Amino acid sequence: MNEKTIQILSVLLVLAFGGAIVWIYAKQPQNLQEVVSKAAVSTGTYGIDEAEFKRGLEFFRQDNFSAAREYFVRADPEKRDAKVQFYAAYSFYRQGFGRVYDDDALFKQGLEAINTSLALKPDLKINDDENLKMKTPQELKTELQNGLEVTVEDFNPMKLTRERK
Amino acid sequence: MSSSTKNKNLLFWRYLALPAVFLIVTLLGGMRLSVESGAFLFLPPTLFNLVLAVLLVAVIVRGKLLLIGEWFSAEFSVLKNCANGLVLLTIFSGSVQVINCLLPEKGLAFGLTAFFLLWTLWTNLFAELEAKKMLRSLAALLGFAFVFKYVFLASLVSAANGGGGEESWMRKLAESLFEKVSLGLLEIPEFSGATGYVAFFTVLLYGAGLIFLYSVASAASVSKERPEDGSASVSSETTS
C-alpha cells in the first residue's frame, strides 16, 4: 500500500467513524439493540420482527395484553409500523375497558399508540382479523377519546350492558 | 527492518491507528451508564469542555508532540493536507471527550475540577516543555482528575445515596462531613459502577494515543534527520 492509498483510507475511516459517533450522540440509543434498530431506520432497511409480532398476537387473542405488548415492542422497537402500533393501542383499550369505568392511564397510553399509528398510516384498515370489532385507527381513537371524557352518559345505568369491542 | 517497511509502519500508525484510537476515545468519552437500568447515556461536550480541550491541544503542541509544520504545508498534496487535518481533528475531538469524561457534570465538584484543570493547563502553556516531561505531567493531571471523580466523588455520592452499606467508612465520613455543609459538592448525577470502568479505559486509551503520537513524531524526525538511509520521511511527498 502506498502513502496515497493509506491517506485515502484514513480520510474514509475518519469520516465514517466520525459520522457514526455524531449519529450516536444525536440519536442517543440506550442499548446495542437500539443502535442496530436506529441504524436500520436511518438506512431505510428497518422492518418489524414478524415472529415476535405473531407471538404478540397470540397473547393478544388470549387476553394477555401486557405480554402481548412486550412482544409488540420487541417486534417494532422504533415504533415505525402502523399495524403493530394499532394492535398495541388495541391492547391498551381492551385491558383498560371496564363496564363501570375505564382505566384512564391505559387509555392515555392507547391514545398515544393510536396517534403514532395514524401518523404512520392514516388509511390503515385491518381486514384479516375477525377478532377485532374496530378495523381502523380512527374508530379506535374515537373509542379511546370517549373513554377518557367524563360525560352525562357515563352515569347511564345502561352503560353496564355495553360490550367490549 | 528495511526503510520502506519502517515507512509503511509509520504511515499506518499516523493515518490509521492514531485516528482510530482518538475516535474510540471520542465515542466513549461522553458515555455513561444509567444507575437504574444500565442504559447508555451519551453526554455531548459542553462549551467549557471545548475551551479546556483547546488548551490541552495547545499544551500538546507546545510540548512538541505535534509539529504543525510537519502536518500542514503548501508543498503537500491536497489529499495529504486533508488526511493530516482529519487526524488532527480526531486528536482534538479525543481531547474534548477525555475532558468531558473527567469533569464532573455539575455542582461544586465541577467548579473545583474545572478550575484546577484550567489553572494547570494555562500555567503549562507558558512553561518550557519537553515531550516526555509533558506526557508525564499530563498523565498525572488526567490520572488525578480520574481518581477524584470516579473513585473519591463516586464513593461519596454512592455513600450519600445510601449505597455504601452500614460498614462503609466513606459513608460515615460523608455523613459527618457533608451532610449539611457539602455546598453542592455531591450534587452530581450518580451513574452505574461500569461507567468508571469505561472512563478508565477511555483515559488509558487517550494516554496510549498520546504515546503513539510521541513515537510517530520521534520516528518521523529520526527518518528526516537520516536521509542517507534512503528512507522517505513521513512528511515528504516521495512515496505519494
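Modeller: The account below begins with one residue, Ala89(A), and then turns to the chain around it.

The model is a predicted one. Ala89(A) lies in helix α5 of chain A, an element that covers residues 82–96. Is Ala89(A) buried or exposed? A residue is classed as buried when 20 or more other C-beta atoms lie within 10 Å of its own. Ala89(A) has 29 C-beta neighbours inside 10 Å, and therefore it counts as buried.

Which residues does Ala89(A) touch, once those up to four places away in sequence are set aside? They are Gly110(A), Ala113(A), Ile114(A), Ser117(A) and Leu140(A).

Chain A contains seven helices and zero strands, and from the N terminus on its elements follow the order α-α-α-α-α-α-α. Of the 165 residues of chain A, 27% count as buried, and Ala89(A) is one of the residues classed as buried. Contacts between residues 24 or more positions apart make up 55% of those in chain A with a separation of 6 or more.

As to overall dimensions, the C-alpha trace of chain A spans about 85 × 30 × 25 Å along its principal axes. The radius of gyration of chain A is 22 Å, whereas a compact globule of 165 residues would have a value near 15 Å.

Methods
Residues are numbered from 1 along each chain as its sequence is written. Chains are lettered from A and ligands numbered from 1 in the order in which they are written. This is a predicted model: local features need pLDDT of at least 70, side-chain atom pairs count only at pLDDT 80 or more; totals for chains, interfaces and linings use all residues. Helices (H or I, at least four residues) and strands (E, at least two) are DSSP runs, numbered from the N terminus. A residue is buried if 20 or more other C-beta atoms lie within 10 Å of its own, exposed if 12 or fewer, and partly exposed in between; C-beta atoms are placed from the backbone. Two residues are in contact if their C-beta atoms, placed from the backbone, lie within 7 Å. The radius of gyration is taken over C-alpha atoms; the globule rule is 2.2 Å times the number of residues to the power 0.38.
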